[in-house]
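Here is a short note to read beside the model. Please keep the sequence and the structure open as you go through the points.

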Amino acid sequence: MKRAIPVVVLSIAGLVPIWRYEPSIGGSTSTTEAASTPSASSSGSGASSGTVVKGTTVTTEKGPVQVQVTFEGDEITAVRMLQQPNHPQTTAAVPKLIAETLQAQSADIDTVSGATITTEGYKESLQAAIDANAEAAAASPSPTASAARTVDGPAVNTEKGTVQVQVTFEGDEISTVRMLQQPNHPQTTAAVPKLIAETLQAQSADIDTVSGATITSDGYKESLQAAIDAKG
């Protein structure tokens, strides 16, 4: 019984190095993940509400380079590497490239010393993503434009000639009035700008008759009111 005690003690002593070694393995892994966290977390925070655009894949002597950019409007809020050369100099250069991009808000950034090839590929892929975002923004109608609606009033026959207006609404607001038809008469020509200005101010067909152009004014208001009614 007394001889068993040293064996147990030695066994326990033998386990001590193992217990002490395990945390060091976990610590090393955590350090590796932390090194890659900045680009990943930045991309994640921007992707929740921003527009994510992938740049082109650029083939370089060191390997393919491709970035993913998150935009808030025109602002670059995050950059993430989708592909990059497996090279120590590239690994060291990427955080610098991303930091400069976020500061410059463009692909006009300095080349990282020792990683010229990767830098050039990065800037090319980044610029492609910026261009794609700009093209998409230009192609998308603005909220105001998409909400606008144009309505043609009916043609109203008067003693002087036909009167017809076209009204553009933005929501319930009258933003534009255009004459589609009007009498070819000097008094009408002089009256139309006044009628349109009063309409934009009053936001209705309840406007004054222009002196010397009563007939045209009445035809204008009739066509205008019909357009407002048609818009609903």
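This is a predicted model: local features need pLDDT of at least 70, side-chain atom pairs count only at pLDDT 80 or more; totals for chains, interfaces and linings use all residues.

1. Leaving aside residues up to four places away in sequence, Ser-175 touches Thr-168, Phe-169, Glu-170 and Leu-200.

2. Where does Ser-175 lie? Its place is strand E8, which covers residues 173-181. Ala-148 sits 27 residues from Ser-175 in sequence. In space, the two are 8.8 Å apart, C-alpha to C-alpha.

3. Is Ser-175 buried or partly exposed? Its relative accessible area is 24%. Buried means under 20% and exposed means over 50%, so Ser-175 counts as partly exposed.

4. Now the chain as a whole. It has 232 residues, and 31% of them count as buried. Its accessible surface is about 13800 Å². Carbon and sulfur atoms hold 53% of that surface.

5. The chain has six helices and eight strands. Read from the N terminus, the order is α-β-β-β-β-α-α-α-β-β-β-β-α-α. Take the contacts between residues at least 6 apart in sequence: 42% of these join residues at least 24 apart.

6. The mean pLDDT of the chain is 80. A value of 70 or more is reached by 76% of the residues. Strand E6 (residues 156-157) has the highest confidence, at 96. Helix H1 (residues 4-47) has the lowest, at a mean of 35. The pLDDT is below 50 over residues 4-48. Beyond near neighbours in sequence, that stretch has 14 contacts in the model.

Key
Residues are numbered from 1 along each chain as its sequence is written. Side-chain values use heavy atoms; hydrogens and water are left out. pLDDT is the predictor's confidence in each residue, from 0 to 100. Helices (H or I, at least four residues) and strands (E, at least two) are DSSP runs, numbered from the N terminus. Contact means heavy atoms within 4.5 Å. Buried means under 20% relative accessible area, exposed over 50%, partly exposed in between (1.4 Å probe, protein chains only). Accessible areas come from the Shrake-Rupley method with a 1.4 Å probe; for residues, only the protein chains shown count as cover.
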